[in-house]
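Could you walk me through this structure?

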Amino acid sequence: MPKVSKTKPSPKSAKAVLSAEQRAEKRKHFFKDLAQFLLCILGGLIYAASINLIVLPSGLFIGNMTGLAQVVQDLLKVFGLPIKRDITGLLLFLFNMPLFIISFTSINRKFFWKTAITVVSMFVAMTFIPIVQILPETLEMITATIIGAVIAGFGAGLCLQAGGSGGGTDIYGVYVSLKRKDFSVGRVNLIISLIIYVYAFFVKDMAVMIYSLIFSMIYSFVVDKVHYQNVKISLMIVSKSEAIINCITKDYGRGATYWHGKGAYSQLDTYVINTVVSKYELIRLRRHIQEIDPNAFIIENTDVHVTGQFLSNFF
């Protein structure tokens, strides 16, 4: 009886299959990064448009690096420099140059490139978009303040959601929060805001300062709503697959607590997993859990306050 020879897959073909998988993975990461870079550009353009078309024509000051650029421009005019056009965008770009070095050396390279492209898009947009009030003149100042804050906060939040920033206080805040756990991005912003609003109090009238404060509060609120990293979600996952625990701890770098449970109806052994993630991570984690175990049961709680070590994954 003739022997049936079993053909073994050659190492060459296995290598070709592996390289194809690697190419597919690289392509996936490429399109993901491309989408995030485009989101950074879009956020920068929206932010710049709100500044030139609503904030500056209304005479408002912002409690961030843009507001600092407004203050410096006013001081340059006081000292007699012949400034014929608004240079807020140029000053903002110059202020961010040393901060780029901090983000490149101390924070994250991908964060640096995303922030760089965001700041460049903002600079170009603020240079070429004319400073004109697009809102009707009959509109009340408080209404213009709210509209400007919502649009600017949405643009800045998109940049942060994509893993970049508009530069300035965002870079300082991220850098300080990574170096000192007892310090926050908000505290850095508060110090710079105080400098700007003290200037507005002594140089501008009281109404400008009040409306500027209202603008900053609404702006911060919108940024937090759009920027998913600031929203924490508690998850309870019931699944028969232990791979979900490894996914949470290794792929996402989050801690988790689990118990061995038993289904009340099926009487089958199961895992009950508890963890806390950001809202941005939740979008991806939910998809990964369903890929691992389509029958997994997930309970989400958005009203979460965390005391203890919970790292903000900005990137």
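Asparagine 301 counts as partly exposed because its relative accessibility is 39%, which falls between the 20% limit for buried and the 50% limit for exposed. Bear in mind that this is a predicted model. Asparagine 301 sits in strand β4, which covers residues 297-301. Who does asparagine 301 contact, once neighbours within four places in sequence are left aside? The answer is Lys232, Ile233 and Ser234. Another pairing to look at is asparagine 301 with valine 276: they're 25 residues apart along the chain, and 9.4 Å separates their C-alpha atoms.

Now for the strands β2 and β3. β2 takes in residues 256-262 and β3 residues 269-278, and the two run antiparallel, paired over seven bridges. Across that pairing, tryptophan 259 faces valine 272 of β3. Six residues lie between the two strands of this hairpin, and in the turn glutamine 267 has a positive phi of about 60°.

On to the nonpolar cores. The largest one is made of 20 residues, and Tyr47, Ile51, Val55, Ile62, Phe215 and Tyr219 have the most contacts inside it. At least two of its residues come from each of α1 (11-58), α3 (88-107), α4 (109-128), α5 (141-161) and α8 (206-226). The biggest contributor to this core is α1, with five residues. Take tyrosine 219 as a way in: beyond residues up to four places away in sequence, tyrosine 219 touches Tyr47, Asn64, Ala149, Ala152, Gly153 and Ala156. Another core, of 15 residues, lies apart from the largest one, and Ile233, Tyr271, Leu285 and Ile289 are among its members.

How values were computed
Residues are numbered from 1 along each chain as its sequence is written. This is a predicted model: local features need pLDDT of at least 70, side-chain atom pairs count only at pLDDT 80 or more; totals for chains, interfaces and linings use all residues. Side-chain values use heavy atoms; hydrogens and water are left out. A nonpolar core is a set of buried Ala, Val, Leu, Ile, Met, Phe, Trp, Tyr and Cys residues joined through side-chain atoms within 4.5 Å. Buried means under 20% relative accessible area, exposed over 50%, partly exposed in between (1.4 Å probe, protein chains only). Helices (H or I, at least four residues) and strands (E, at least two) are DSSP runs, numbered from the N terminus. Contact means heavy atoms within 4.5 Å. Two strands pair if DSSP finds at least two bridges between them.
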